[in-house]
Amino acid sequence: AAIRGTLLNSGSLDREQQGQYRLTLDVRDLGTPAMQTSQILTINILDENDNPPRFARPSYAVLVPEDSSTGVSVLQVTATDADFGVNGTVEYGLQVASASFSLSTSGVLTVTGPLDRETTPFIQLTAVAYDLGSPRMSSVVVISCSVADVNDNRPVFANSSYAFSIAEDVSTGSEVG
């Protein structure tokens, strides 16, 4: 006759701490002579989406020349998630869309529009890392973009013409106007 047993856990389980347990089950009957057998039981702990992504740095800063071409990659952000499978798969985006930058789902920050140091010397973005679990978990990090000046403006005279009068016997190096 078959006798059934129940296996119970004796504490809380956390897949991030230990994802698998291997137990050796020993069974003996009460016959004479007693018979016994052993079996290895493998228990795989299923993942629960209980960890948000964590950025590798508390913030990011980048210096971008104002003459950068559209499509130029300027920064890579990274985050990891301790969960497994889709629960631990991380994608990225910007919290608020930007006219000057985009952040790919792989975490690459790219120039998408014109930059002008004279009008906007600094742009602050907030990147979001989110996992693909259900419910989704996310975290944010600030990206500080400083726009570097390049010599892109010609000098301009304040007036369209100038007129000065000077005595003919003035010494060399004298101020004219």
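I located Val170 in the segment after E11; strands (E, at least two residues) are DSSP runs, numbered from the N terminus. The model is predicted: local features need pLDDT of at least 70, side-chain atom pairs count only at pLDDT 80 or more, and totals for chains, interfaces and linings use all residues. Residues are numbered from 1 along each chain as its sequence is written, and side-chain values use heavy atoms, with hydrogens and water left out.

I read Val170 as partly exposed because its relative accessibility is 39% (buried means under 20% relative accessible area, exposed over 50%, partly exposed in between; 1.4 Å probe, protein chains only). Val170 belongs to a nonpolar surface patch with Phe157, Tyr162, Phe164, Ile166 and Val176, with about 650 Å² of accessible area together. Such a patch takes residues with over 30% relative accessible area and no salt bridge, nonpolar side chains being joined within 5 Å; areas come from the Shrake-Rupley method with a 1.4 Å probe.

I then searched the whole structure for salt bridges (a side-chain nitrogen of Lys or Arg within 4 Å of a carboxyl oxygen of Asp or Glu) and found 2. Arg15 pairs with Glu16 at 3.3 Å, N to O. Arg15 is buried at 18% relative accessible area, whereas Glu16 is partly exposed at 24%. Asp47 also forms a salt bridge with Arg15, the closest N and O atoms being 3.0 Å apart. This pair links distant parts of the chain, 32 residues apart. Shared partners join Arg15, Glu16 and Asp47 into one network.

Finally, I listed contacts (heavy atoms within 4.5 Å) of Phe101 beyond four places in sequence; among them are Val64, Leu109 and Cys145.

Note on methods
Patches are made of residues with over 30% relative accessible area and no salt bridge: like charges are joined within 9 Å, nonpolar side chains (Val, Leu, Ile, Met, Phe, Trp, Tyr) within 5 Å. Helices (H or I, at least four residues) and strands (E, at least two) are DSSP runs, numbered from the N terminus.
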